Amino acid sequence: MTNFEVRQYDAAGRLGELTVPRAGVTVETPTILPVVNPHVQTVAPATLASEFGAEILITNSYILHGSEDLREPVLERGLHDLLGFDGAIMTDSGSFQLAEYGDIDVTTEEILEFQHEIGSDIGTPVDIPTPPDVDRERATEELATTQRRLEHAGTVDTGDMLVSAPVQGSTYPDLRERAAADAVTTGLDVFPLGAVVPLMNEYRYADLADVVAACKRGLGEVGPVHLFGAGHPMMFAMAAALGCDLFDSAAYALYARDDRYLTVQGTELLDELTYFPCHCPVCTDHTPAELDGMDADQREELLARHNLHVTYGEIRTVKQAIRAGNLMELVDSRARGHPAMLDGYRALLDHAEQLERTDPVSKDAFFYTSNESARRPEVHRHQDRLERLPVEGDEVLLTEGSSSARYDETWGVLPPFGPYPRELADTYPLTAEVPDRTDRAAYEAAANGVRRLVELHPDVSFTLVHDDWPATALDRVPDSVRLRDLHARD
Ligand SMILES: [Zn+2]
């Protein structure tokens, strides 16, 4: 069973193809599933397809199941006809309602069979969305219930409908990792990471990064991975770099209802905008004041359209970044939008070695764009690689300047990577563009590389010629290394 294929990686981010057999479509990922409320459609599903290029959307089967006016029509006509959408339709099960109201009146078997009957392409069992920060005992117990239901879901006959296996475990990384590994054993098809909405609502992006990284450790490279309830474009790049493939958004519609305007850096209130910082048709054709003067329904629809343009635009930006190999530069740029995003980015970099496993060995260029760049996966990989690079001779020069015949061998030194054999100078990532006025983090990372090399070769005598490194970097270089400043006179 392979309904998901990865075409290209960048960090743990993936350009992939999700084949949805029941819909007869292949969806390119990463992508966003707009949430369509069966009762209230701010933007019609047909418009989502024709104007925004939506290939897949999500709606709630639990609402349809319990609806007096829609239950019979959807059973009779099918979901695609009811919503007027030809692409893939995923259905949620009511777990959200369970989390909100504490009780729902269907079993996993009933709701999966109902989803199958109405023609859903990707169904979802009733899992238990355990919120963040609960005590460990509760998280463990609820996880056991979710796992039993997923195993049961794997035995329900749902034809060629794909079935998702939500991963829970609250904010316990070890529980998340184990839940993810158990979810894989069920043989189900799509892996939503559940109950992360409270983290996003509270701007806890660092905790979110830790949860996603833990789930990914358990999942390995299966997929697709769905960050359930993630609909704000400001975090798509970060989540994609951690290995999320699917997002879903009610935000475009919910925010529009409250006059909130999405951007890739955060959320603005319509009445605080004098100018629209966006090139979409809505923002090109109107001013904030014009929208403000419209009646509520018209304003809501136009804001929803803007929100969708930004959302799909950011998905395309993320895909292009993976294609070009500069997703980490995009994450770095998006992290500047809000201090909480910067926390998320820094937490993501705590998992750089995990991201390194799928990061391509060669890419177009490495741009050093912030002191966080010093912690990128490429820096870890280069320094790990020192273990496999031979050092010839007893007297070795490591220098940011030119070679010297007085030494048996000369290596180059490039912050943030550290020492490298000269013959590798033209290979990625040593072709990096680093600012001339670089920062302490880059020098310190390079010094770590020097220390690593020196510790690997205790019998070699090293001299380091550096270009005015700060004391905090030089302190990291072992005492046995002779130091010279590149511009000091002999
Ligand atoms: Zn716009």
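This tour moves through a predicted model, stopping at an annotated residue, a metal site and the nonpolar cores.

Begin by selecting Asp92, where an unreviewed UniProt entry places the feature "active site", and colour strand 6 (residues 88-92) to see the element in which Asp92 lies. Asp92 has a relative accessible area of 11% and therefore counts as buried, the cut-off being under 20%. To display its surroundings, leave aside the neighbours within four places in sequence and show Ile58, Thr59, Asn60, Ser61, Tyr62, Gln115, Thr124 and Phe228, with which Asp92 is in contact.

Next, select the zinc ion together with its protein donors, Cys278 (SG), Cys280 (SG), Cys283 (SG) and His306 (ND1), which lie 2.1 to 2.3 Å from the ion. The arrangement is tetrahedral because the four donor atoms subtend angles of 98 to 118° around the zinc ion. Along the chain the donor residues follow the spacing C-x1-C-x2-C-x22-H; Cys280, in the loop between strand 13 (266-269) and helix 13 (281-285), and His306, in helix 15, are 26 residues apart and link distant parts of the chain. Cys280 and His306 are both buried.

Then turn to the largest nonpolar core, which has 106 residues and in which Leu208, Leu227 and Met235 have the most contacts. Helix 15 (residues 296-324) gives this core its largest share, ten residues. Apart from this core lies another of 34 residues, including Leu424, Val460, Trp469 and Ala473.

Finally, centre on Leu227 and show the residues that Leu227 touches beyond four places in sequence, among them Leu193, Val196, Leu208, Met235 and Phe247.

Key. Residues are numbered from 1 along each chain as its sequence is written. This is a predicted model: local features need pLDDT of at least 70, side-chain atom pairs count only at pLDDT 80 or more; totals for chains, interfaces and linings use all residues. Side-chain values use heavy atoms; hydrogens and water are left out. UniProt positions are given in the numbering used here, feature names are shortened, and annotations may be inferred rather than shown by experiment. Helices (H or I, at least four residues) and strands (E, at least two) are DSSP runs, numbered from the N terminus. Buried means under 20% relative accessible area, exposed over 50%, partly exposed in between (1.4 Å probe, protein chains only). Contact means heavy atoms within 4.5 Å. A nonpolar core is a set of buried Ala, Val, Leu, Ile, Met, Phe, Trp, Tyr and Cys residues joined through side-chain atoms within 4.5 Å. Donors are N, O and S atoms within 2.8 Å of the metal (3.2 Å for Na, K and Ca); water is not among the atoms, so sites may look incomplete. Four donors count as tetrahedral if all angles lie between 85 and 135 degrees; four count as square planar and six as octahedral if opposite donors are over 155 degrees apart and all others between 65 and 115; anything else is irregular.
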